[in-house]
Amino acid sequence: MSEQRPPESAGTTPAVGKDEWVARLDDNRARRTGLPGVVEERLRNVPWWAWLTLFVAAVAALPIVYDSGYVRRVAFDTVVYMLLALGLNVVVGWGGLLDLGYVAFYGIGAYSYALLSSNQFDVHLPTLVTVPLVVAIGAVVGLLVGLPSRRLSGDYLAIVTLFFFQLFIVVVTNGDHLFGTNVTGGSNGIGGVEADVDPFNLFGRDLVVSTGGIFNVWYLYVALAFFVVVFVLLRFVNHSRIGRAWRSLREDPLAAEMMGMPVNWLKLLAFSFGAAVAALSGTIFAGLNGGVFPTTFAFPLLITVYTMVILGGSGSQAGVVVGAILVNVLLELLRDPGQSRYLFYFLIVVGLLAIFRLSVRLAVVLGGTIVLGFAVHAIASSISDAAVSGASNGGGWLADALRQWVITPSSLGAWAPISYVALVSLVLVLTLLAGWVRIAVLVPTLYLAAFVWENVMLAKPEATRFIVLGAILVAVMIVRPSGLLGEKRVEIV
């Protein structure tokens, strides 16, 4: 006689001894209902190649809509980031290997191109020879760096790859006296008139960086062609036996090995594929910039690429592409205080809508924050004109409107770090509260956030943009741990 068990839903805990992911299988497969469900189902049925064609056509048409050289350069950088994210996704998203030396492969590709196409050793190979050769070099180096993964995993593998990354930085920075030969140009890199690094040469024509002072759009199209080739090839690989074996390796290496899969070989392949894509990205970077420099391949770049993969959804090709677009565009928007102000308040409103929906609590929070702002501004201006006579960072109608709401002292002094620490403390306190008490604390927290943003963070946009990016990443990870388009993973408890 079979035992009848109550159904397990998202709000209940699975029975002891039962795997949680398996117990919640029905919940994980649940789809939306109503019109959103119909729209989602229709979008799911659109072939992947149709999405790719539409996306590439949109990017290719961007220079027609915007003739700004800045927009074209940002589009080019975004496509290069998309390539880097696709390569890292092979190692981290599919293989489940924590590779902290990934940017070194990008640097190896750029330096290899510069050495094979410059006066550094008076070698000027054709572009159609240099690029495949550099990709092969990257694949071989990736294979060699991946050798420790045969014995190591997790944190230990991360430390080894991080050591490789640091070794790369040390070698290229001090490579001007490598065995008595100037190989990498040292801290000055390989570039300038003396090095004369060749630009890309296709069909007998050099692709100059700019024409008439405007970024040469052909570099964007070349990067886009690289992206299409890499995306399609990796998709075929992902749906092959190797791709399925990679995912098995990611979920449970021991089970994959017990099933007869060549685990060590799969790890080496993942490193090699990822390194080859990174090296390919390095070639177009070196060809465009006419040189390479050690500072380009610093640790912040590694964090940025990892952010793109995690935010978009590790393991999803479309997800990491979306992550690369979001992160790079956000970082560019946050450079300008005027634009970043719109973005900051937009994200605040969207976040509140996501939390409270259209409810009384949302009205209380928004209304309370607005009233509190006017009250604080009135009190501060009555005490001293210097408390509200500070200059705003950036312009625009929103800046003019906020001058009557957020106090902007002419001199902040020691209040800058105090207000910043107080804001962080209040945010942490909010995580411990619930109900109307949390709403009561949320109102002054939001106003303090506006004060810190207007007086502290907008004054230092370079640091601010990475702080905002980190905050967005934390918020997304709390709401959706698998990333925006990432697939749900099997968690063995």
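The structure is a predicted model. The protein has 493 residues, of which 43% count as buried, and its secondary structure consists of 21 helices and eight strands. Taken along the principal axes, the C-alpha atoms fill a box of roughly 80 × 70 × 45 Å.

**Overall build**

- Among contacts in the protein with a separation of 6 or more, 72% are accounted for by residues 24 or more positions apart.
- The accessible surface comes to about 26000 Å², and carbon and sulfur atoms hold 68% of that surface.

**Nonpolar surface patch**

- A nonpolar patch on the surface is formed by Leu 35, Val 38, Val 39, Leu 43, Val 46, Trp 51 and Leu 54, which together have about 640 Å² of accessible area.
- Two or more residues of the patch come from each of the helices α3 (34–45) and α4 (48–65).
- The most is given by α3, with four residues.
- Leu 54 belongs to helix α4 and is exposed, its relative accessible area being 55%.

**Met 261, a loop residue**

- Met 261 is placed in the loop between α12 (253–258) and α13 (263–289).
- With a relative accessible area of 25%, Met 261 is partly exposed.
- Beyond its neighbours within four places in sequence, Met 261 is in contact with Ala 245, Ser 248, Ala 256 and Leu 266.
- Met 261 and Ala 386 are separated by 125 residues in sequence and, C-alpha to C-alpha, by 71 Å in space.

**Thr 130, a buried helix residue**

- Thr 130 is part of helix α7 (residues 127–145).
- Thr 130 counts as buried because its relative accessibility is 0%, and the cut-off for burial is under 20%.
- When residues up to four places away in sequence are not counted, Thr 130 touches Tyr 113, Leu 116, Ser 117 and Leu 125.

**Salt bridges: the pair Glu 251 and Arg 250**

- The count of salt bridges comes to six.
- One of these joins Glu 251 to Arg 250, with the closest N and O atoms 2.7 Å apart.

- Glu 462 and Arg 335 meet through their side chains in a salt bridge of 3.2 Å, N to O.
- Glu 462 lies in helix α21 (residues 461–479) and Arg 335 in the loop between α15 (317–333) and α16 (337–356), so this pair ties together parts that are 127 residues apart in sequence.
- Both partners count as partly exposed, Glu 462 with a relative accessible area of 44% and Arg 335 at 37% relative accessibility.
- Glu 462 also meets Arg 465 in a salt bridge, at 3.3 Å from N to O.
- Arg 465 and Glu 462 are both in helix α21, three residues apart, which is about one turn of the helix.
- Arg 465 is buried, with a relative accessible area of 7%.
- Through salt bridges that share partners, Glu 332, Arg 335, Glu 462 and Arg 465 are joined into one network.

Conventions
Residues numbered from 1 in each chain as written. Heavy atoms only, no water. Buried < 20%, exposed > 50% of the residue type's maximum accessible area, 1.4 Å probe, protein only. Contact = heavy atoms within 4.5 Å. Areas by Shrake-Rupley, 256 points an atom, 1.4 Å probe, with all protein chains shown as cover. Patch = residues over 30% accessible without salt bridge, like charges linked within 9 Å, V, L, I, M, F, W, Y side chains within 5 Å. Salt bridge = Lys/Arg side-chain N within 4 Å of Asp/Glu carboxyl O.
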